[in-house]
Amino acid sequence: MKACVAALALPAVLLIVSQGLVQNPADAPKPKQKESLYAEIAKAPEKARAKRNPLETDSQAVAAGRILFEQHCSECHGDSAEGGKKGPNLRAEEIQSAAPGAIFWILTNGVVRRGMPVWSKLPEPQRWQLVSYLKSLGAQPVAPPATPPSPSAPARQPTRFL
Amino acid sequence: MPLVRTALFLALLALFLPLSSRAQESPYIVTYDHYLEEPGNLEIEYFSTFGTQRAGNNFHAFWTEFEYGVTAWWTTELYLAGQTTFHDSTILTGVRWENRIRPLKREHFINPVLYVEFENKNGADKILKEGEGHDSEADFLTPNAQARREHIHEVELKLILSSNVKGWNFSENILAAKNLSNSPWEFGYAIGASRPLALKASAKRCTACPQNFAAGMELYGGLGDRYHFGVRDTAHYLAPVLAWNLPYGWTLRVSPGFGLNDNSHRFLMRWGIAREISGFGSMLAKLFGSTQ
C-alpha cells in the first residue's frame with residue numbers, strides 16, 4: 001500500500017517542482033532555429049502553397065486563431081508571436097510574406113527534426129484559423145507589456161515554492 | 001483513503017498552476033495514435049480500471065504515467081502500476097518504460113510510429129493496458145499473494161499506424177510481446193477511431209465547447225502466440241471513449257469497455273485524468289543552472 005501511495009505521490013512532487021520554476025521571459029531563439037523554420041517554409045510544395053484559406057472571409061477566424069495560438073503556440077513562439085526561446089518570430093517578413101498554404105503546410109508537418117512538432121492533431125479548420133491569426137499579425141505592432149518595469153524597481157523574481 | 005487524499009491534493013495543486021495551455025489529447029486509453037508529446041513537455045497521467053470478474057473478486061487497477069517529449073520525434077514514458085482486488089489486497093504490480101519513435105519527418109496518409117517497452121511486473125498485474133496472447137479472464141483468479149510471486153520481465157514492440165481523414169483519426173496498433181523467461185512471442189492488436197465533436201474552434205474562450213471534446217471507439221484484444229496465432233482462446237473488448245480537454249492542460253477521459261466473448265471480462269470501467277506541463281524540460285534545466 002505504501003508503495004502505491006508513493007507511486008501516486010511522485011506526480012505531486014514533480015508538479016511542485018515545476019510550479020517552483022515558473023518560466024522567465026523567453027530568450028531570443030538561436031539563429032539556426034530561425035533559419036530552419038524560414039527555410040522549411042520555402043520547401044512547401046507548390047500544391048500546398050496554392051491552397052487557399054477557406055476561412056479567409058470568416059470574421060471569427062482571427063479571434064479563434066488567437067485563442068488557439070495562446071493554447072498551443074505561445075509557449076515556444078512568445079505571447080505575441082514575437083519569438084521565444086524555442087521558436088522564431090512569426091511576425092517576421094519571411095512568415096508574413098509566405099503564402100497561407102505554406103504556413104498551413106508547416107503547421108501540418110512540423111519541422112520534426114528541428115523541434116517543431118506536427119500540429120495535424122488540430123483539425124484542419126483550426127489550423128486554418130491559426131493561419132488567419134498569424135497572417136493578421138503583419139499589420140499589428142507587438143503589444144507592449146501591461147506594466148513596464150521602472151528602472152529603479154527590482155527585477156521580477158519567479159515565484160518559488162521550494 | 002490515502003489514495004483519495006493524494007488525488008485530492010493533486011486536484012487542488014492544479015488550481016495554483018499558472019500555465020494557460022490546453023492539451024489536445026486523443027480520447028484513446030489503449031490505442032496509440034501517431035502524436036508524440038511536444039518536446040520539453042511532461043504529461044502526468046493517472047488511469048483507473050474497474051473490472052468485473054466471474055467466479056472471483058472484482059478489481060480496481062490503476063497506473064500513473066510520466067510522459068516526456070524528449071524531441072519532436074521521440075517520447076519516453078514511465079509507468080507505475082498497482083491494483084486492488086476486492087476482498088483480497090492492494091499491491092504495486094510493476095514498472096514499465098516505454099519509448100515511441102517517429103521515423104518519418106513529415107505527415108503522410110499513414111503515419112508510422114515505432115514503440116518499444118520494457119516491463120518489470122508481477123503476475124498480479126491487472127491494468128489491461130493491452131490485449132496480448134491468450135490472456136483471459138480466468139488468469140485473474142489467482143489470489144494476489146500467490147500471483148505477485150511471479151516476476152515477469154517482458155519486452156513489448158508495437159507498430160503504430162495512424163491516419164487523419166476529414167477530422168477523424170484512425171489508428172491501428174499491432175503488438176508483439178516477449179516474456180524474457182523463455183516464453184513464445186505473443187501478439188495483440190488495438191484499433192481506434194475518434195473525432196472532435198467540432199472541427200472549428202470557437203472565437204470565445206470556453207470550457208464546455210464541443211471542440212474540447214473528442215469521442216470515438218476502441219477495439220482491442222489478443223492474437224495468440226507464435227505457436228497458436230489467431231483469435232481462438234483470446235479475449236477482446238469494445239470500448240467507447242470520450243475525452244474532455246480542459247483548461248490548464250488537464251484532460252479527462254472516460255471509457256466503459258465491454259468484453260466480446262467468454263474469455264473477456266464482462267465489463268471494464270476506465271477513466272483517467274492527465275495534466276500536461278508545458279516547458280517542463282526548460283524548467284528543470286533552469287533548476288540545475290543550465291543556460292541552454
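Me: Strands (E, at least two residues) and helices (H or I, at least four) are DSSP runs, numbered from the N terminus. Between which strands of chain B does B:Tyr248 lie?

Reply: B:Tyr248 lies in the loop between strand 10 (236-245) and strand 11 (250-259) of chain B. This is a predicted model, in which local features need pLDDT of at least 70, side-chain atom pairs count only at pLDDT 80 or more, and totals for chains, interfaces and linings use all residues. Residues are numbered from 1 along each chain as its sequence is written, while chains are lettered from A and ligands numbered from 1 in the order in which they are written.

Me: Why is B:Tyr248 called partly exposed?

Reply: A residue is buried with 20 or more other C-beta atoms within 10 Å of its own, exposed with 12 or fewer, and partly exposed in between; C-beta atoms are placed from the backbone. B:Tyr248 has 17 such atoms and is therefore partly exposed. Its phi is positive, about 60 degrees, although B:Tyr248 is not a glycine.

Me: What makes strand 2 (residues 59-71) and strand 3 (residues 74-85) of chain B a pair?

Reply: Two strands pair if DSSP finds at least two bridges between them. Here 12 bridges join the antiparallel strands 2 and 3 of chain B, with B:Gly82 in strand 3 as the bridge partner of B:Phe62. A hairpin of two residues connects strand 2 to strand 3 of chain B.
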